[in-house]
2 protein chains.
Amino acid sequence: MELLEQRILQEGRIKPGNILKVDSFLNHQMDIKLFKEMGKEFRRLFAGETITKILTLEASGIGIAVITAQYFNDCPVIFAKKTKSKNLDGELLLAKVQSFTRGTTFDIQVARRYLTPQDRVLLIDDFLATGQALLGMVDIVKQSGAQLAGCGIIIEKGFQQGGELVRSMGVRVESLAIIDSIADNKINFRQQ
Amino acid sequence: MELLEQRILQEGRIKPGNILKVDSFLNHQMDIKLFKEMGKEFRRLFAGETITKILTLEASGIGIAVITAQYFNDCPVIFAKKTKSKNLDGELLLAKVQSFTRGTTFDIQVARRYLTPQDRVLLIDDFLATGQALLGMVDIVKQSGAQLAGCGIIIEKGFQQGGELVRSMGVRVESLAIIDSIADNKINFRQQ
């Protein structure tokens, strides 16, 4: 998505270790105009799909998931929780997610009653890198018996294995920008 | 707001200790149609206000903040973070928040560069009970030098002291539903 790539080039900051920071428009401050364009692009990519639920992961996936839902007939959005929450009760669907950056494993959790075999689910998240969080959400959808339509990602780090891992399972993944490399302060996007 | 009160009466579940759970439409599964109506209501309540930034707190404030921003000229939304995040750098504005339910204190954090004295800020959150999180956000806006237009809350627990505490500081607080009491499985709303 040209608009997003331009924004990453303009405002993305590359930190030591070739870490890309996009907190000015994506995951601390959120640019609502851009989010609406991204939501429309997910609708275009998944045109023809009847989506009944969007599933995302707290916290930084929530903004784009909610905006995107408006372009999918205002379908409900569920956000998986990373911590045992007093807001969760009843039967829970759990998946273990390994965090390589933090060196820890945590559970993500969704109340079973919100995903049924009648649902057709779109997963939305801001970043795809190692793919562990996305795999956790795919697993939760499978446990629920719902159908998985695919995954919409804002930025995929194409130099990490997550995208390949999830696609190799036969899951459709659409990323609005795929970064193939970050080197010498230069960001290289994959042609899509 | 009639629509919201009806929804709370229909779907809110009262748990032991008179705890109200609204996870079917508010803070686990989010009803986007309802969120849009609530966003429009915040616009109506703060009609005439020129808002340049919306500030909320991760995670459950993000959804309503992002939807609401669309009715305030797509202004950017900042979400304060509850944990030291690798997405935060530069100078941070911090406020200590006491959690009575968890018996802990945590910092909420916003990068200073996203709030300036030129900004006029609307705070949005899903719940107002003891008011500690909201007071933390009010403090952060003060530190930034930005002007505070007020606070938009979905559900205020009128039987806890948060609303009175924040209003007594001269801060405008608009709550879409105020619950005056929960007793014997019955929810009583304040007439507004």
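1. The contact draws 28 residues from chain B and 28 residues from chain A, two residues being in contact if their C-beta atoms, placed from the backbone, lie within 7 Å. This is a predicted model, in which local features need pLDDT of at least 70 and side-chain atom pairs count only at pLDDT 80 or more, while totals for chains, interfaces and linings use all residues. Residues are numbered from 1 along each chain as its sequence is written, and chains are lettered from A and ligands numbered from 1 in the order in which they are written.

2. On the side of chain B that touches chain A, two or more residues each come from β3 (29–30), α2 (32–45), α3 (62–69) and β5 (77–80) of chain B. Helices (H or I, at least four residues) and strands (E, at least two) are DSSP runs, numbered from the N terminus. The largest share, five residues, belongs to α3(B).

3. Strand β3 (residues 29–30) of chain A is joined to β5(B) by two bridges, and the two run antiparallel; strands pair if DSSP finds at least two bridges between them. Gln29(A) is opposite Ile78(B) in β5(B).

4. Within chain B, six bridges connect β9 (residues 147–157) and β10 (residues 173–183), which run parallel. Gly152(B) is opposite Glu174(B) in β10(B).
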